[in-house]
Amino acid sequence: MPKVVISGYYGFGNCGDEAMLFAIVTQLSRRIPGLQVVVLSQRPEDTARDFGVRSVSRRDLRLIWRELRDADLFLSGGGSLFQDVTSPRSIFYYAALILLARLRRKKICLYGQGIGPLNHRLSRFLVGRAVRLADLVTLRDETSVEELAALGVSGPMYVTADPVLGLEEGLGGKENGRALLEAAGVGEGPILAVSLRRWPQLERSLAAVTALADRVAGAGWQVVLTPLQRDDLAVLRLVQKQMRQPAVLLENFQGFRDLMAVTSHFDLCVGMRLHFLIFAAMFAVPAVGLSYDPKVARFMHQVGLPALPVESVAADDLIQAVDGLLSDLGSVRSRLRERVRELRARAEENADLVAALLRGGE
């Protein structure tokens, strides 16, 4: 039975990354009978329980070395692992794992990756060397190809899509979403969902987000502040405190399935977190992205929705972007469904390519 060791930002309680892991495991298991999966995680026991896989500590390099011994593939799984904006240290870690896999003479795949930004010379050097060691590289956007080309990487690279786009929309259960919203105090009527994360320059845009939220709440909408990770709660509480109108802070959902369930009831989204925006697109919910990282603007461009720079967005600009979406709601939703349908097919290609790579080693 083939064995795959999967690395990523898992076990940190981030709904987006947990959804990505579920998508990777599900999509690969459909194509590779008897697949054994070992996931490197910050909380291995939780990951093993939640995903039905074996899991080991992402910090125990000796144990990882041992797991790689009889592996058929090392998979660096999805997300923006190779960037140095949030922390340059992550590049050292993920590049080191690829080097370990190569020393074990294992096949290596970068799976649905987004590359960059890479602001430091050492980061660019390490990413270029790490990618050249891979047997298969799938990227979730064209800009990532350009980033690698600028590093001198010229091997075959496949542009696919974020693996989460391959998930079934009904995974969380629409009725469960309504129950969660009602339990949090959200009644009937249109819903604006807001998702923010901590970020050094976020203070500049809080006034714009608050102004928009107050405006729609005054027009009879409900504002639902939606965290994707517990770290998001502090900044969302700040928005709630600054608003003149009431808003609900959604704290009663657990994991990406619940997040998908509640997202199916949203009518409009404004957010920073990439996978919040991806979930919105999957349910044809119009959204405005607040781009703190190029990955946000890249995805919003893919689905034809606006993205504004989080460090300089003004209230008038944000309100204008929202009004533009609401003024042509039917057409916006129709275009979203069409573009997500195309991206879903491309997301599935990630797993097809891995299956072909493993078959080539039989």
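**A cavity and a helix crossing**

Colleague: Which helices each supply at least two residues of the largest cavity's lining?

Modeller: Helix H11 (274-282) and helix H12 (294-303) do. Helices here are DSSP runs of H or I, at least four residues, numbered from the N terminus. This is a predicted model, where local features need pLDDT of at least 70 and side-chain atom pairs pLDDT 80 or more, while totals for chains, interfaces and linings use all residues. Residues are numbered from 1 along each chain, and side-chain values use heavy atoms, without hydrogens and water.

Colleague: Where does the largest share of that lining come from?

Modeller: From H12, with four residues. The lining includes Lys295, Arg298, Phe299 and Gln302, as well as Arg140 and Asp141. Lining residues have an atom within 4 Å of a cavity point, meaning a 1 Å grid point where a 1.4 Å probe fits but cannot get out.

Colleague: What classes of residue are in there?

Modeller: Five nonpolar, one polar and five charged. Asp, Glu, Lys and Arg count as charged, Ala, Val, Leu, Ile, Met, Phe, Trp, Tyr, Cys and Pro as nonpolar, and the others as polar.

Colleague: And what's its volume?

Modeller: About 70 Å³, counted as the space filled by probe spheres set on the points. The structure holds one cavity of 30 Å³ or more.

Colleague: New topic: how do H1 and H10 cross?

Modeller: The axes of H1 (residues 15-31) and H10 (residues 255-263) cross at roughly 105° and come within 8 Å. Axes are lines fitted to C-alpha atoms over the stretch in contact, with angles from 0 to 180 degrees between N-to-C directions. H1 and H10 are therefore roughly perpendicular (65 to 115 degrees).

Colleague: Which residues of H1 make the contact?

Modeller: Cys15, Glu18, Ala19 and Phe22, against Gly255, Phe256, Arg257 and Leu259 of H10, with contact meaning heavy atoms within 4.5 Å.

Key:
Parallel < 35°, antiparallel > 145°, perpendicular 65-115°, else oblique. 1 Å grid on protein atoms, 1.4 Å probe; cavity = no way out; pocket = protein on both sides within 12 Å on 5 of 7 lines; lining within 4 Å.
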